[in-house]
Amino acid sequence: MKIFLATKNKGKIKDFEKLTEGMNIEVLSILDDIKIPDVVEDGTTFEENSQKKALEISKFIKITTISDDSGLCVDALNGEPGIFSARYAGEDGNDEKNNEKLLQNLKDVPKEKRTAHFISVVSIAFPDGKVESFSGRADGEILFENCGDGGFGYDPLFYSYDLKKSFGVASPEEKKSVSHRGRAFRKLIESKILESKNNVSKFENK
Ligand SMILES: O=c1nc[nH]c2c1ncn2[C@H]1C[C@H](O)[C@@H](COP(=O)(O)OP(=O)(O)OP(=O)(O)O)O1
Ligand SMILES: [Mg+2]
């Protein structure tokens, strides 16, 4: 089946391509030269923003759509940047500036207080307007400098407790197995929502 991936983040697209490898799912995205509108992320939770992205883009694209809203929550910063992770260094920031700001804000925080977690809320929206969300979490701590250049976003600064290494040096396979996004996506698959929806539409088409 075809699913559209409602994201403008190429790092996320790579993660989802890895997550759907070997499954009977064809992932379509902006990499297929499909233009999508910007979705204003004005919700107050990961779930609200995630559902908004999936719903608005599925209405636009008219096929089943998956979105991800995610972020990094740092205990010493009272959970920041959280839902504002992409905009941490400002609206015209980027991954590098966000990482610099994070290191700066944690410069006096010792190792044992640098605990953090990633959250991902993956939503699936169907053309009939139905939407469901699944969340995943990955625990770790924030390093004192970049480690590795793999992945995207905060990956080089995130030491994963599961992998005992940074996401920046982890292989795509390793990150898939323990990441917040991997955990959320596997919940979606295990929920069987794809099969049930698929069967319903096959039945209705008869
Ligand atoms: O596995 C990850 N590894 C590293 N960094 C990550 C990860 N997962 C989320 N993050 C960071 C990147 C971005 O700063 C923010 C997500 O923001 P978020 O709004 O969900 O995504 P986005 O704006 O990059 O793309 P889009 O909204 O089009 O899906 O958290
Ligand atoms: Mg975003």
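This is a predicted model: local features need pLDDT of at least 70, side-chain atom pairs count only at pLDDT 80 or more; totals for chains, interfaces and linings use all residues.
Colleague: What comes just after α2?

Modeller: Just after α2 is Lys62, with a positive phi of about 65 degrees.

Colleague: Which residues of α2 are buried, and what covers them?

Modeller: Phe46, Asn49, Ser50, Gln51, Lys52, Lys53, Ala54, Leu55, Ile57 and Ser58 are buried in α2. Their cover includes the strands β1 (2-5), β3, β4 (115-125) and β5 (131-142).

Colleague: Where is Asp69 found, and why is Asp69 classed as buried or exposed?

Modeller: Burial is judged by counting neighbours, with 20 or more other C-beta atoms within 10 Å as the cut-off. Asp69 has 28, so Asp69 is buried. Its place is in strand β3 (residues 65-74). An unreviewed UniProt entry puts the feature "binding site" at Asp69.

Colleague: Which residues is Asp69 in contact with, leaving aside neighbours within four places in sequence?

Modeller: They are Phe46, Asn49, Ser50, Lys53 and Val121. Among the buried residues of α2 are Phe46, Asn49, Ser50 and Lys53.

Colleague: What makes up the shell around ligand 1?

Modeller: Sort the shell by class, then by element. The shell has six nonpolar, nine polar and seven charged residues. Strand β3 gives the most, with five residues. Of the 22 residues around ligand 1, Thr7, Asn9, Ser85, Ala86 and Gly153 come nearest.

Technical notes:
Residues are numbered from 1 along each chain as its sequence is written. Chains are lettered from A and ligands numbered from 1 in the order in which they are written. UniProt positions are given in the numbering used here, feature names are shortened, and annotations may be inferred rather than shown by experiment. Helices (H or I, at least four residues) and strands (E, at least two) are DSSP runs, numbered from the N terminus. A residue is buried if 20 or more other C-beta atoms lie within 10 Å of its own, exposed if 12 or fewer, and partly exposed in between; C-beta atoms are placed from the backbone. Two residues are in contact if their C-beta atoms, placed from the backbone, lie within 7 Å. A residue is near a molecule or strand if its C-beta atom, placed from the backbone, lies within 6 Å of it. Ala, Val, Leu, Ile, Met, Phe, Trp, Tyr, Cys and Pro count as nonpolar, Asp, Glu, Lys and Arg as charged, and the others, Gly among them, as polar.
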